[in-house]
Amino acid sequence: MSVYTLAGRASFALATVLLIALAGVSSTGAQERTAPRDAAELRLSFAPVVQQAAPAVVNVYASRTVQSRPVSPFFDDPFFRRFFGGPGQDMGRPRERVQSSLGSGVIVSADGIIVTNNHVIAEADAVRVALADRREFDAEIVLKDERTDLAILRVRDASETFPHIEFADSDQLAVGDIVLAIGNPFGVGQTVTQGIISALARTRVGVSDYQFFIQTDAAINPGNSGGALVDMDGRLVGINTAIFSRSGGSNGIGFAIPSNMVHFVVDAAENDGRVRRPWLGASLQTVSAEIAEALGLDRPSGVLVTVVGDGSPADRAGLKVGDLITHVGDTEVTDPDSFGYRFATRTLGSTTTLTVLRPRGEVKLEVTLEAAPETTPRDAREISDYSPFAGTTVMNLSPAVAEELRLDGFDTGVVIAKVEPGSPAARVGLQVGDVVQTINGRAVDSSRTLQRIAGSDPGVWRLEIRRGGRVLRIALRG
């Protein structure tokens, strides 16, 4: 059974003096890849690359304050509170305690912009970073992007120039390239491990929406999450995020978010603090062996277009149901995950070329890169009246809302955008992403309509909800 574990918090700096020392430069200026040729070359050290990259790798300390109550319900009774707690003591009052977590991060700009994993700081009230030279700084959270599992921090009140790592082009990596991982595994302090790129474009890892990871055998352990994966020039090629492990320790299979995706999120943070991704406006399907045979392909490849939204960028570009997309720009795509990564890292406001295979041959289509529109105002409403929806936030669906909630961009109606833990809605099993179609036979056409119906008391609630392509019918007593 496959087990994927968030790496706890990892920082990886790849540096390889080995290739720097051994690699020649071709006439085109590209660096050649050369294997060690004798025992003397094997004794070369990675130290110069580590010295270059390590100062930009930091420890990230995240903390949050939580409320806790005494375990026994008797402490809510004044008599028992007085008897057990002593005069004047309120043993039933919630108490505050601080939860903390430790991870790694990478400084990517001289003014103190830091990249880490979202799961390292997801619920933090306060974040502090410690540099390799033991100096510590408070940091503010600039952006959290759950979909890529990336977060961007900024050193508070920075008045100095910080050591930082430059971005490499992760598309230039090759299987077999040597890499180094720098992080803080198990909280023991900054640690460097060495390995190679084991695979590229790994999908089905299951730790973020964009399944497109660099795989490495450099040792990654809990505490490494958010750390730097660097190349032989000491440049950032990835942010380490997860490991394959049944024990929780490193088994030599680690996964990193490619630097091109990291760079995209950093740019978003430095612009308006929002991650806005290009929207295609089409649904895509993996090409199976059977579909490939039916299309006359020698192997499964590309992505099949199954739905094209009216007026969407895909529609305006001329994309049609049944088209087989084989390339985004000059890069081949092999499944919806690889297409999503290649398309999502393009720059808004520009265009990109899709290579499409049709029965009569290959065509190239120019697609405008634009964000998903909010065609209907979301009109978010919190439902507090006593009903099955109490504890939810609902809003009107649009392509923009569907994109945020990871739904099919062609859904319409009213969607549940938030469910408070322990609320009546949570207890009856309502979930984020549920699209409410009818209540007691009445169509729900807006969030205002749902709020008005939720304020009534029909005695019996009959709900029709669309979830993941299925329609659920639920009956509840008020």
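The expected span of a helix is 1.5 Å times one less than its number of residues, and helices (H or I, at least four residues) and strands (E, at least two) are DSSP runs numbered from the N terminus. This is a predicted model, in which local features need pLDDT of at least 70, side-chain atom pairs count only at pLDDT 80 or more, and totals for chains, interfaces and linings use all residues. Residues are numbered from 1 along each chain as its sequence is written, and side-chain values use heavy atoms, with hydrogens and water left out.

**Exercise 1.** Compare the reach of helix α6 with its expected span, and list its buried residues.

*Solution.* Step 1: α6 comprises 13 residues, 259-271. Step 2: from first to last C-alpha the helix reaches 18 Å, close to the 18 Å expected. Step 3: buried means under 20% relative accessible area, exposed over 50%, partly exposed in between (1.4 Å probe, protein chains only). Step 4: Ser-259, Met-261, Val-262, Phe-264, Val-265, Val-266, Ala-268 and Ala-269 are the buried residues of α6. Step 5: Gly-273, with a positive phi near 75°, follows α6.

**Exercise 2.** Locate Thr-241, classify its burial and identify the polar contact of its side chain.

*Solution.* Step 1: Thr-241 belongs to strand β12, residues 236-244. Step 2: Thr-241 is buried because its relative accessible area is 1%. Step 3: a polar contact is a pair of N or O atoms within 3.5 Å; within protein, one must be able to donate a hydrogen and the other to accept it, and residues adjacent in sequence count only if both atoms are side-chain atoms. Step 4: the side chains of Thr-241 and Asn-117 are joined by such a contact of 3.1 Å.
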